[in-house]
Amino acid sequence: MNKTKPLDRIDMTILKMLQADGRISNVELAKKINLSASPCLDRVKRLEREGYIKRYGAFLNASKLDYGMTAFIQVTLDRTTADVFKRFKAEVVNIKEIVECHLVAGGYDYLLRIRFANIESYRLILEKVAGLPAISQTHTYMVTEHIKEDIGVPFD
């Protein structure tokens with residue numbers, strides 16, 4: 001059993017700083033939190049090992065890469081059994097334009113966020129979504145302006 005130790009103020013500061021700049025060097029990070037490099041690295045490695053840090057990456061400009069349009073699709077299944085959920089999950093991950101998929105409670109079953117270039121590419125994605133198992137209905141909401149996008153975990 002892997003025990004995790006409670007996070008202290010330094011751990012929280014490390015997480016906040018890495019979320020803001022995942023490319024910061026360990027030496028620079030250590031300076032900013034007033035630790036020497038070795039204990040700072042030990043803390044980062046522990047935070048990775050314990051699953052607080054899932055991955056590192058870059059936030060890309062989707063418009064420059066021909067994925068400038070975004071939409072949300074509500075998906076309602078014709079039945080909600082474990083088998084149907086399992087089949088849906090297995091297939092939805094294979095559609096690259098679906099960048100998020102959430103099982104939700106409420107008036108429908110899944111909320112998908114898709115990225116695409118234009119209306120024609122949207123139509124092709126919708127055909128793929130409609131071909132997923134046990135779909136009874138979809139509703140699409142086109143994003144016309146991005147006001148606030150994912151900023152990560154909301155630290156104080």
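A salt bridge is a side-chain nitrogen of Lys or Arg within 4 Å of a carboxyl oxygen of Asp or Glu. With that term in place, I turn to the structure shown above, which is a predicted model. In it, Asp8, Asp11, Arg43, Arg46 and Glu50 are linked in a network of salt bridges.

Asp11 belongs to helix 1 and Arg43 to helix 3, so the pair ties together parts that are 32 residues apart in sequence. Both Asp11 and Arg43 are buried.

I now consider helix 3 itself. Helix 3 runs over residues 37-49, and its 13 residues should span 18 Å at 1.5 Å a residue; the end C-alpha atoms are 18 Å apart, in agreement. Which residues of helix 3 are buried? They are Cys40, Arg43, Val44, Arg46 and Leu47. Viewed down the helix axis, these buried residues fall within an arc of 160 degrees, so they line one face of helix 3. Their cover includes helix 1 (9-20) and helix 2 (26-32). On the other side of helix 3, Asp42 and Arg49 are exposed. After helix 3 comes Gly51, with a positive phi near 90 degrees.

Two further salt bridges deserve mention, from a total of 12 in the structure. Glu48 pairs with Lys45, their closest N and O atoms lying 3.8 Å apart. These two residues are 3 apart in helix 3, which means about one helical turn separates them. Glu48 is partly exposed, at 26% relative accessible area, and Lys45 is partly exposed at 43%.

The other bridge joins Glu97 and Lys128, with 3.4 Å between the closest N and O atoms. This pair links distant parts of the chain, 31 residues apart: Glu97 sits in the loop between helix 4 and strand 2 (98-103), and Lys128 in helix 5. Glu97 counts as buried at 10% relative accessibility, whereas Lys128, at 41%, counts as partly exposed.

Finally, I come to the nonpolar cores. The largest has 19 residues, of which Val75, Phe88, Leu112, Ile114 and Val129 touch the most other members. Strand 1 (69-77), helix 4 (82-92), strand 3 (110-116) and helix 5 (119-130) each supply at least two residues of this core. Leaving aside neighbours within four places in sequence, Phe88 is in contact with residues including Val75, Leu77, Tyr110 and Ile135. A second, separate core of 13 residues has Ile14, Ile24, Leu29 and Val44 among its members.

Key:
Residues numbered from 1 in each chain as written. Predicted model: local features only at pLDDT ≥ 70, side-chain atom pairs only at ≥ 80, totals over all residues. Heavy atoms only, no water. Core = buried A, V, L, I, M, F, W, Y, C linked by side-chain atoms within 4.5 Å. Buried < 20%, exposed > 50% of the residue type's maximum accessible area, 1.4 Å probe, protein only. Helix = DSSP H or I, 4+ residues; strand = E, 2+ residues; numbered from the N terminus. Contact = heavy atoms within 4.5 Å. Expected span 1.5 Å × (residues − 1). Arc of directions from axis to C-beta.
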